Amino acid sequence: MNWIIWLIPAFPLLGFLLNALVVRRERDAGILASVMVGLSFAATIAAMVSLEGAPADAKRLTWTLWEWISAADFRVAFGLLFDPLTAVMALLITGVGGLIHVYSIGYVHGDVRPVRFFAFMNLFVFAMLMLVMADNLLLLFLGWEGVGLCSFLLIGHYFDRRSVPPGINPSDAAVKAFVVNRIGDAAMLAALFAIFTNFGTLSFYDNPQLGISGYLDQAFVVAGETVDLGAFGQLPLIAGITLLMLVAVAGKSAQLPLYTWLPDAMAGPTPVSALIHAATMVTSGVYLIVRNHTLFDQPASAAPWVLVIGVMTAFIGATAAVAQLDIKRVLAYSTISQLGYMVAAVGMGAYVAGMYHLLTHGLFKALLFLAAGSVIHGIGGHQDMRRMGGLRDDLPTTFRLYLIGALALSGIFPLAGFWSKDEIIAHAWFDARSPLAAIILILTSAITAFYMGRQIGMIFFGRPRDPAMHAHESGSTMRWPMIALAGGALVGGLINFPGLHWLNSYLRPVLQEPEVIYTLGMGILATITTLVSAGAAYLGWKTYARDLEPRIRIGKDDPAFRYLGDLWRGMEIGWGLDWLYQRVFVRPYRAASVFLSQVVDREGIDGVLVDGTAHGLIRLAQGLRLLQTGYVRTYALMFLVGVIIVVAFFALRG
Amino acid sequence: MVPTSYYILLSALLFTFGVVGVITRRNALVLFMSVELMLNSANLALVTFAMARQDVAGQIVVFFVIVVAAAEVAVGLALLVAIFRTKRTTDVDEINALRG
Amino acid sequence: MNSAPLLSITIWLPALGSLAVLASPRENIVALRSVSLGVSLLALATALGAAFLFDPARAGFQLVESVAWVPSWGISYTISVDGISLWLVLLTAFLTPVALVASWGTIERQERAFHALVLLLASGLFGVFTAQDMLLFYIFFEFTLIPTALLIGIWGGAERRSAAIKFFAYTFSGSVFLLLGIIGLYLLHGQSTGVYTFDTATILASLQLGTLRLDAGAERLLFGLFFIGFAVKAPIWPFHTWMTTAHAEAPSSGVVDVIGLLIKIGAYGLIRYNVQLFPATAAWAAPAVGVLAVIGILYAAWIAYQQTDMKRLLAYASVSHLGLIVLGVFALNAQGIAGAVAHMINSALTTGALFLVVGMLAARRGSRELKAFGGLWKVTPWLGSLTLLLALGSIGLPGLNGFVSEFTVLQGSWRSPGLGWRYTLPAILGVVLAAVYLLHMYRTAFMGDTPPELAQAPDVRPRELVLLVILAAPVVVFGLYPNLLFGPMQQSVTQIAQGTLPFLASR
């Protein structure tokens, strides 16, 4: 029955090919794409059932399609793997993905190039599934870059427009996403080479069928090895590999310092933001670390760095989200922040907690994006929150759904986000002994709640600030997926409920992580966190729905700017990281390119070396030319001189 | 007997006059005359050695040289006449069309 | 020995075809196009036939055809293929008809001479890749210069005259050193063993058996002479400037594909002679050559970014790819060399196809300037999607051909005792830079606003579609099933790598 697992990615691939080459009508494209993902979901369930039959110590289904590369001793298979970790990821991808596909049918109705849209959405699901189902790091990398490609294709969906709200050029945003991701990918490649060089294989686990061994179980083998960095000392090999992986994760999962592409990625249609930039692609970095946890568990690994990056990103992302004026940009920075939580969790070794948050976040963030899309769709296409207000009367269902998502994100008991987020915070405080990390995460939680309250207040409460606006609720294809996701956000806590530990037990064969024992201390911490968050949420709502509400005007700064000034401006521009990169990297690179091209290459190499040689030869020829005077007498003289020399030579020699 | 060295000295002297003439003079006819002078100085040297060694071979070679000189003068004067027809001058310095 | 001299037929068929083309009447364009295409397809058939007869399980030269030419000097007409040259022969056979078809309609004058020259060039290339006798190799090596220079000089762009002269003079001077090296090796071999021969297999055997011993100085001198000749042809930075000019000024049709093959001769020569015959010096020189290779990768990629002329941009892209190939060659292990050969094939396919696209764009707008284009993905969606596929292949997206060969080269370079991760990390950066310049080109030409002159531009015409699909197919197939590429060359590459092993291990 193992062959079932290749059906899971095969359906979306088929959907892509059909949509790209055969289908012409929008309706057919949407239904085909959604059905394919739905079939994929069904196949996932079937595979999970089949997985139950596998022995506990080798709980995985494998299916090798063919041998991908076989160059000398470098052998990599095109093989799929299905174990509990893969299963939960696949469920998320196909489940949430399927719902988003259905939603898109309504959302892109009447929009440009819908067939292409659905083709690329299917391609994305395929690539993401390849990523989580790969049985070796190289095939994972195929999925890794594949999702980056689809991100490019989908962000650039409106490539013929010069600008989409809030003033981003979609083509530039798409290129930026790809290039910044590529930087991470380059680090990933380096990590791949290092792993292959030191372990001799890129497969995760042993594959007796092909005679390939896996490296994950051999992580300890390289425990003592170091890399000579010359003047910089010795770097433990494991630290080097995991550090490179961290850079890759920073690129793909939008962590510091490579997150600048994510806010601009909002230039794509909203379902794209929901699927790719909230639930799935950005979580692949977390998956990578969890899959490679044996490497990160090593004492010398870069795991502490992972924690630091995660915590910092969580905090910075949240602060930036507070000051955004575009409905999707708030959610974008929020995603960056929540990804920080997940990354921090796996950096502490709390892999289950990280996965837990990955799953719950996938649910409620997708819900939030879809609901935001519902708002945007309902009010005619713009995304500026200053132009909204008082929408809960015109969009009651959307309001309720958005509220559920916001409460879940803020970590309010008993919605899903509460359980997963607090498990991470508890882990930070008690197990990892990093009270500083825990405090920052609690603070971030409060800020998160604040900006969600702010958003709810600005959008749904107060008076409608745009007189020209006419809002209408979304159709049923858009509504039902959101309701399903809202259901998930409400009961998602059950995934790893304290005491039940379903996720932990399910992932036991892969992660072997001990169950969290819930102490009273944790309960108190959780209560504190929730109360703080609830208070912050209320504060955010009250400020923007009541207190400052009269001063929100279209086209003007957020009223808080008056009080916080530059601090607010800093938050609004994401602390200027993007601006910094433009100044430090992009512009100098461009200038240097021109310089190299015109000065070094044209004048220098071509001019001095090549043309210089040619000119030198020409001058030599011109010099020699002077000998050819044309006068017979000169030639006679030269004869004479030559004869004298020859005679003298022979005379003196003899 | 006149010592052989006198003859050789005379030969060398004539040769030098010839070379100087070739290098210095501009008139083509004088150039040819100088070349003849050089050839004849070589003839003189050959005859001298033929006598000194009582070897007829040297005198035989003189015949060869005379023939060559005659041929060379014939061709050279023909060339000169041809050039004169176009250039109207016998000044060697005017014939520099092959200047590089 | 095989029954039919397939390799000889493959070599000489295009030459005969070119005579036939020249003999046909000037006015009958259809006839001469059919003749040239027919001949090139026949050559493809015979090349495929040779491929069928090739036995991938055996190392060494196969399908040997030998005729003594000047026996007293040891020059013979000996041709053969091994795993490495087989794919290069196939690639040449494959790209020549593509180049010919791509040129239909783009040649304004003297089309007959054009086709004849392309066929002659194909003959020369076949000869280079199959020649086993060193002097024969040199003859074919130089022979390819003449048609190329004429093709650039007569049908090229605005600066074609100087580009052709520069190309000819530059590469010719480089190959003089090659000739010196060949003669030097010939003499040394003759003095040591008593057998004066130009045959590579014989010399290789003598070197391996020890009957010909070269002391370090002599070997380094010979290596250097061969190296200069191939380095100019490859081209290795900083000898690349002839190539960027030549590519930019070459005619806007498929000829650029064939010229693209010309540069593979350099890398091929490096493997066949420098690494195979002089492994000790190759190991000694690897770090230095590695530096040049890495500089080439990054420098060319950097410059490509701001090029406004699309052909120049792709020319620099070629230089960058070649830097990667040379890096793979001088990793001196089986992986690096295998990756390098595979990348020769793959980059010829992707970059060649992209050159074709530029030709198609130029035909629609009359300009190669990047700024003249925009938003074409909307106006010509099929062209846009195919171009994106090819660009991604060149960038090295996994699943497409470029990735497999790039990955193998970089993996080989990482593991190489001569090079290692210090060289590979900067080279990996090249992967990022490739995305930067190619996506920049794609974004400017195919995304964004559409200039009014292009609003009605036609999408791919049937001939263009066929050409692009023919080229795009291997891009996808080799990406998913690269063992097609690696399989035949396995034995030959391993053999060469084993030759270098003793010298690398000591480092």
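Helices here are DSSP runs of H or I at least four residues long, numbered from the N terminus. With that in hand, take a look at chain C of this predicted model. Glu27(C) sits in the loop that links α1 (6–23) to α2 (29–53) of chain C. Is Glu27(C) buried or exposed? Its relative accessibility is 64%, and exposed means over 50%, so Glu27(C) counts as exposed.

The largest pocket has a volume of about 1,600 Å³. It is lined by 47 residues, and the closest to its centre are Phe16(A), Leu17(A), Ala20(A), Leu123(A) and Leu389(C). Elements giving two or more residues to this lining come from chain A, with α1 (4–21), β1 (61–71), β2 (74–82), α4 (114–133) and α5 (137–155), and from chain C, with α16 (381–395) and α19 (462–480). Which element gives the most? That's α1(A), with nine residues. By class, the lining of the largest pocket splits into 40 nonpolar, four polar and three charged residues.

On to the second largest pocket, which holds about 1,300 Å³ of space. Of its 37 lining residues, Val179(A), Val180(A), Phe585(A), Val586(A) and Val436(C) are the closest to the centre. At least two lining residues each come from α6 (170–199), α7 (237–252) and α23 (577–625) of chain A, and likewise from α12 (279–305) and α18 (421–446) of chain C. The lining of the second largest pocket has 24 nonpolar, seven polar and six charged residues.

Terms used:
Residues numbered from 1 in each chain as written. Chains lettered and ligands numbered in written order. Predicted model: local features only at pLDDT ≥ 70, side-chain atom pairs only at ≥ 80, totals over all residues. Heavy atoms only, no water. Buried < 20%, exposed > 50% of the residue type's maximum accessible area, 1.4 Å probe, protein only. 1 Å grid on protein atoms, 1.4 Å probe; cavity = no way out; pocket = protein on both sides within 12 Å on 5 of 7 lines; lining within 4 Å. Points joined across faces, edges and corners; volume = space filled by probe spheres on them. Nonpolar A, V, L, I, M, F, W, Y, C, P; charged D, E, K, R; others polar.
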